[in-house]
Amino acid sequence: MASNTVAPVPSDGVDSARTPDSSADVPLDAPPTPEGDAPEGDAAPDPTDQVPRPADVTRRLALLWDPPAPPTRGRKARLTLDEVVTAGIAVAQEVGLDALSMRRVAARLDMGAMSLYTYVPGRTELVDLMIDRAFAGLDLPAADTPWRAGLSGYAHAVWSLYQHHPWILQTNMWRLPLSPHVLDAQEAGLRTLVDTGLPADQVVEILGLIDAFVRGVARAAVAESVEKDVSGMSSDEYWTSMSSFWADWFDVERYPVMTRIWEAGGFDTPTDPFDASLDRLLDGVEMAIDRAREHP
């Protein structure tokens with residue numbers, strides 16, 4: 001399974017909470033129904049009906065997929081849920097996700113923390129909504145885009161997402177919320193490869209590899225940006241300040257391969273290191289596709 005690719009039916013049962021009304025009260029230790037016992041024409045029993053559906057998970061997913069409509073009676077709410085999410089994103093942009101709290105968001109909205117809970121149950125649900133909102137801004141490739149341009153477009157869209165919302169990288173990317181726009185992104189990424197002739201498991205694996213590559217480079221870029229802000233020194237200025245190392249301490253006999261590659265220009269920085277590395281990665285994907293087509 002790709003590092004953050006969403007599985008259609010996760011084994012932990014979280015996905016089953018999307019259908020809270022279908023949670024029949026079947027005991028978990030009830031014996032399985034023998035084949036042929038179901039009346040003719042009835043659908044086979046859904047195995048996910050045996051999975052517990054915690055109320056907090058149901059509430060968490062319902063807020064993403066079926067948020068409550070504004071009340072039509074009584075006093076009009078002071079804020080909308082969208083405004084609360086916007087405030088949460090603004091706080092995360094300013095202080096980072098680790099420092100995000102319901103109290104900080106409430107203060108930004110000039111309201112009490114307890115009042116904020118009337119809009120969203122807690123921080124976890126708020127972060128889910130914030131991530132979904134951020135993913136909604138992705139410029140995803142069209143369905144008819146050739147695979148290489150489509151996969152490159154997907155990678156660049158996710159790269160741009162992390163540049164604009166670096167706080168997302170502070171979340172557990174293996175547990176992205178099962179939200180509409182997160183799944184839209186996964187759908188678009190998988191769509192770029194699904195008709196290339198690659199086996200289904202390789203489609204998922206390759207998209208996970210692209211996601212991991214983009215995520216890793218983005219984290220490094222964010223760390224570099226933070227370091228630059230703290231030190232007041234750019235990356236080029238930093239390495240220039242360390243240049244005495246090469247003359248005073250670097251041992252060409254201890255590191256002959258490094259020396260050979262340096263002399264051949266192998267360490268020259270490309271104009272756009274992200275694109276250069278992505279192209280090498282896509283070259284490997286192309287080889288995998290060619291092999292799959294030669295040996296279907």
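Colleague: How many aromatic pairs does a search of the whole structure find?

Modeller: This is a predicted model. Ring centres must lie within 6.5 Å to count as a pair. On that basis, the search of the whole structure gives a total of seven.

Colleague: Is the pair of phenylalanine 213 and phenylalanine 274 stacked or edge-to-face?

Modeller: The ring centres are 5.4 Å apart. The planes meet at 25°. Planes under 30 degrees apart count as stacked, so this pair is stacked.

Colleague: Which helices hold phenylalanine 213 and phenylalanine 274, and how many residues apart in sequence are the parts they tie together?

Modeller: Phenylalanine 213 sits in helix α8, and phenylalanine 274 in helix α12. Both residues are buried. The pair therefore ties together parts separated in sequence by 61 residues.

Colleague: Is α8 roughly parallel or antiparallel to α12?

Modeller: The two helices pack with their axes 11 Å apart, at an angle of about 170°. Angles over 145 degrees count as roughly antiparallel. So α8 runs, relative to α12, roughly antiparallel.

Colleague: How many residues of the contact of α8 with α12 are charged?

Modeller: Among the residues that meet are Leu209 in α8 and Leu281 in α12. The contact has twelve nonpolar residues and two polar ones. Charged residues: none.

Colleague: Is phenylalanine 250 buried or exposed?

Modeller: Phenylalanine 250 forms an edge-to-face pair with phenylalanine 245, 6.3 Å centre to centre and with 65° between the planes. Phenylalanine 245 has 34% relative accessibility, so it counts as partly exposed. Phenylalanine 250 has 19%. The cut-off is under 20%, so phenylalanine 250 counts as buried.

Conventions:
Residues numbered from 1 in each chain as written. Predicted model: local features only at pLDDT ≥ 70, side-chain atom pairs only at ≥ 80, totals over all residues. Heavy atoms only, no water. Axes fitted to C-alpha atoms, helices over the stretch in contact; angles between N-to-C directions. Helix = DSSP H or I, 4+ residues; strand = E, 2+ residues; numbered from the N terminus. Parallel < 35°, antiparallel > 145°, perpendicular 65-115°, else oblique. Contact = heavy atoms within 4.5 Å. Nonpolar A, V, L, I, M, F, W, Y, C, P; charged D, E, K, R; others polar. Phe/Tyr/Trp six-rings, centres within 6.5 Å; stacked < 30°, edge-to-face > 60°. Buried < 20%, exposed > 50% of the residue type's maximum accessible area, 1.4 Å probe, protein only.
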